[in-house]
Amino acid sequence: MKTKKIGQTTLFSAFIALALGLVSCGGPAPKENAEKAVNYLIAGELESFYNLLSDRDKEALTMDNFVDLYKAPESVTALEELIPEVRSKAFKAKDFKETITGETAVVTYILTLPDVDQIGRGVFSLQDLITLTVDGKIRNLGDLLTETQDKLKEYIKENGLPTKETAQQINMIRENDEWRVDLDVANTLKNKKEGLKIFQ
């Protein structure tokens, strides 16, 4: 019985095709890098998140400026000051799904975060609101949380920390065969007067 020998040219061609396939598909999928980025945000590790940004985002904003501008919602920041463990207890991300279009991708996910409105209904009285009102307007939620912190802590101790789920998305772009977060920082900052928001 004769066996066919595989020619060197055929073997070399197969090797090149395999190598090109590995290069073009190398590295984590956009969903994996997006999940890593979101978990950095949840943990408040903004410098690690910055390292996953696209080149154009890094050109538009230095890491120091990024950390200064990229903010959690005021209500969450104020709550975290009173209850430091709020991030580990209330923030979670799940159900990451990717849609790839050429060199870009959109990753959607479900974010769980503290439901500040629910806490407010359980804790703040009309008198609290009147006390913090200046010229018909509440000064800010941080003041309200601080001045009612004992009530707030008692409410959470008795009822747990209420949470809510919200649909989020993060844009990704392929650079140097790696999926990076694409915030389009330059245009976003041009259209906003305040700092960037971590979770919309």
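Visitor: Which residues is F49 in contact with, leaving aside its neighbours within four places in sequence?

Guide: This is a predicted model, and in it F49 is in contact with A37, Y40, L41, F66, I170, V181 and L183, once neighbours within four places in sequence are set aside. A residue under 20% relative accessible area counts as buried. F49 is buried, with a relative accessible area of 0%.

Visitor: How is the ring pair of F49 and F66 arranged?

Guide: Two ring planes under 30 degrees apart count as stacked. The structure holds 3 aromatic pairs. In the pair of F49 and F66, the ring centres are 5.9 Å apart and the planes stand at 15°, so this pair is stacked. The pair links distant parts of the chain, with F49 in helix α3 (residues 46-50) and F66 in helix α5 (residues 63-69), 17 residues apart. F66 also counts as buried, at 0% relative accessibility. Together with Y50, F49 and F66 form one aromatic cluster.

Visitor: What about the rings of F96 and Y109?

Guide: Their centres are 5.0 Å apart and their planes at 10°, so F96 and Y109 are stacked. This pair, too, links distant parts of the chain: F96 is in strand β1 (residues 92-101) and Y109 in strand β2 (residues 104-114), 13 residues apart. F96 is buried, with a relative accessible area of 10%, and Y109 is buried at 5%.

Visitor: Which residues of the largest nonpolar core touch the most other members?

Guide: A core is read as a set of buried nonpolar residues joined through their side chains. The largest nonpolar core here has 25 residues, and F49, F66, I170, M172 and V181 touch the most other members. At least two residues of this core come from each of α2, α3, β2, β5 (163-175) and β6 (178-181). There is also a second, separate core of 10 residues, with I83, V116, L152 and I156 among them.

Visitor: L152 and I156 belong to that second core. Which residues of helix α11 are buried?

Guide: An α-helix has 3.6 residues a turn, so residues three or four places apart point the same way. In helix α11 (residues 149-159), the buried residues are L152, Y155 and I156. They cover an arc of only 95° around the axis, which puts them on the same side of α11. D150, K157 and E158 are exposed on the other side of α11. Just after the helix, G160 takes a positive phi of about 80°.

Visitor: How do β5 and β6 run, parallel or antiparallel?

Guide: Strand pairing is read from the bridges between two strands. Here 4 bridges join β5 to β6, and the two run antiparallel. R174 has W179, in β6, as its bridge partner. The two strands form a hairpin with 2 residues between them, and N176 in the turn has a positive phi of about 50°.

Visitor: Where is S54 found, and is S54 buried or exposed?

Guide: S54 is found in the loop between α3 and α4 (55-60). At 1% relative accessibility, S54 counts as buried. To see what surrounds a residue, list its contacts beyond its sequence neighbours. With neighbours within four places left aside, S54 is in contact with I173, E175, R180, V181 and D182. V181 is also in contact with F49.

Visitor: What is P30 in contact with, beyond its neighbours within four places in sequence?

Guide: P30 is in contact with E98, I100, A105, V107, M172 and W179. P30 is found in helix α2 (residues 30-43) and counts as buried, at 1% relative accessibility. P30 and V107 are 77 residues apart along the chain, yet their C-alpha atoms are separated by 7.3 Å.

Visitor: How many helices and strands does the chain have, and what percentage of its residues count as buried?

Guide: The chain has 12 helices and 6 strands. Of its 200 residues, 34% count as buried. Contacts can also be sorted by how far apart the partners are in sequence. Among contacts between residues at least 6 apart, 68% join residues at least 24 apart. The accessible surface of the chain comes to about 12600 Å², with 52% of this belonging to carbon and sulfur atoms.

Notes:
Residues are numbered from 1 along each chain as its sequence is written. This is a predicted model: local features need pLDDT of at least 70, side-chain atom pairs count only at pLDDT 80 or more; totals for chains, interfaces and linings use all residues. Side-chain values use heavy atoms; hydrogens and water are left out. Buried means under 20% relative accessible area, exposed over 50%, partly exposed in between (1.4 Å probe, protein chains only). Contact means heavy atoms within 4.5 Å. Accessible areas come from the Shrake-Rupley method with a 1.4 Å probe; for residues, only the protein chains shown count as cover. The arc is that of the directions from the helix axis to the C-beta atoms. Rings of Phe, Tyr and Trp (its six-membered ring) pair if their centres lie within 6.5 Å; planes under 30 degrees apart count as stacked, over 60 as edge-to-face and the rest as tilted. A nonpolar core is a set of buried Ala, Val, Leu, Ile, Met, Phe, Trp, Tyr and Cys residues joined through side-chain atoms within 4.5 Å.
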